[in-house]
Amino acid sequence: MGYVTACLQMTARAKELPLDSMMISTEVMDFYGEQCEGQPEEGTYVHGMYMEGARWSMETNSVFESEPKDLHPVMPVIKIKGVTEEELEAAQKSSGDVTYACPVYTTTIRGPTFTFAAPLRTEKPPWVWILAGVCLVMQPD
């Protein structure tokens, strides 16, 4: 969580806002880590994560059912940035996106390795992914 907190803190300082008012915003990009050519103006790119229980569909740009026998598909680059609650709500209303608060763990041993919840775009109701136990892991063991 330290890396994400640092990202939130940088945004809070730049906008002269209290850190407590910052929330995590994520955007899954349409490229993978080796294709990344630098960092964005605001926020940071993160790569090397894996999804468990589902996969990311580049076609629909959302969480999608997993392929058979693909236990930990690689995620594209994720842009993480800090936003205020008002900015996050306004962005969700304007886009009409439904998001799933996907838990991110360090390893597949869930509980004690929880890092943060990444809001990911979904075309299905979030409860579908909750019941499927979908999460992101930083190392698939």
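**Figure 1. The largest pocket of the predicted model.** The largest pocket has a volume of about 510 Å³, a volume being the space filled by probe spheres set on grid points that are joined across faces, edges and corners. A pocket is an open set of points on a 1 Å grid over the protein atoms alone where a 1.4 Å probe fits, with protein on both sides within 12 Å along at least five of seven lines, and its lining residues have an atom within 4 Å of a point. This is a predicted model, in which local features need pLDDT of at least 70 and side-chain atom pairs count only at pLDDT 80 or more, whereas totals for chains, interfaces and linings use all residues. Residues are numbered from 1 along each chain as its sequence is written, and side-chain values use heavy atoms, with hydrogens and water left out.

**Figure 2. Lining of the largest pocket.** The lining comprises 22 residues, of which Ser 25, Thr 26, Glu 27, Asp 97 and Pro 119 lie nearest the centre of the pocket. At least two lining residues come from each of β1 (22-28), β6 (78-84), α2 (85-95) and β8 (114-122); helices (H or I, at least four residues) and strands (E, at least two) are DSSP runs numbered from the N terminus. The most is given by α2, with five residues. By class, the lining has nine nonpolar, six polar and seven charged residues, where Ala, Val, Leu, Ile, Met, Phe, Trp, Tyr, Cys and Pro count as nonpolar, Asp, Glu, Lys and Arg as charged, and the others, Gly among them, as polar.

**Figure 3. Thr 26 in strand β1.** Thr 26 is placed in strand β1 and is buried, at 15% relative accessibility. Buried means under 20% relative accessible area, exposed over 50%, and partly exposed in between (1.4 Å probe, protein chains only). Not counting residues up to four places away in sequence, Thr 26 touches Ile 78, Lys 79, Ile 80, Ala 118, Pro 119 and Leu 120, contact meaning heavy atoms within 4.5 Å.

Figure 4. Helix α1 (residues 2-14) has 13 residues and reaches 18 Å from its first C-alpha to its last, close to the 18 Å expected at 1.5 Å a residue; the expected span is 1.5 Å times one less than the number of residues. Its buried residues are Val 4, Cys 7, Leu 8, Thr 11 and Ala 12. They lie on the same side of α1 because they cover an arc of only 135 degrees around the axis, the arc being that of the directions from the helix axis to the C-beta atoms. These buried residues pack against β1, β2 (44-46), β6 and β8. The face turned away from the buried side carries the exposed residues Gly 2, Tyr 3, Met 10, Arg 13 and Ala 14.

Figure 5. Most residues other than glycine have a negative phi. Glu 16, in the loop between α1 and β1, has a positive phi of about 55 degrees although it is not a glycine. Glu 16 is exposed, with a relative accessible area of 73%. Lys 69, in the loop between β5 (62-64) and β6, has a positive phi near 65 degrees and is exposed at 85% relative accessibility.

**Figure 6. Surroundings of Met 58.** Met 58 is found in the loop between β4 (55-57) and β5 and is partly exposed, at 33% relative accessibility. With residues up to four places away in sequence not counted, Met 58 touches Met 29, Asp 30, Phe 31, Tyr 32 and Pro 76.
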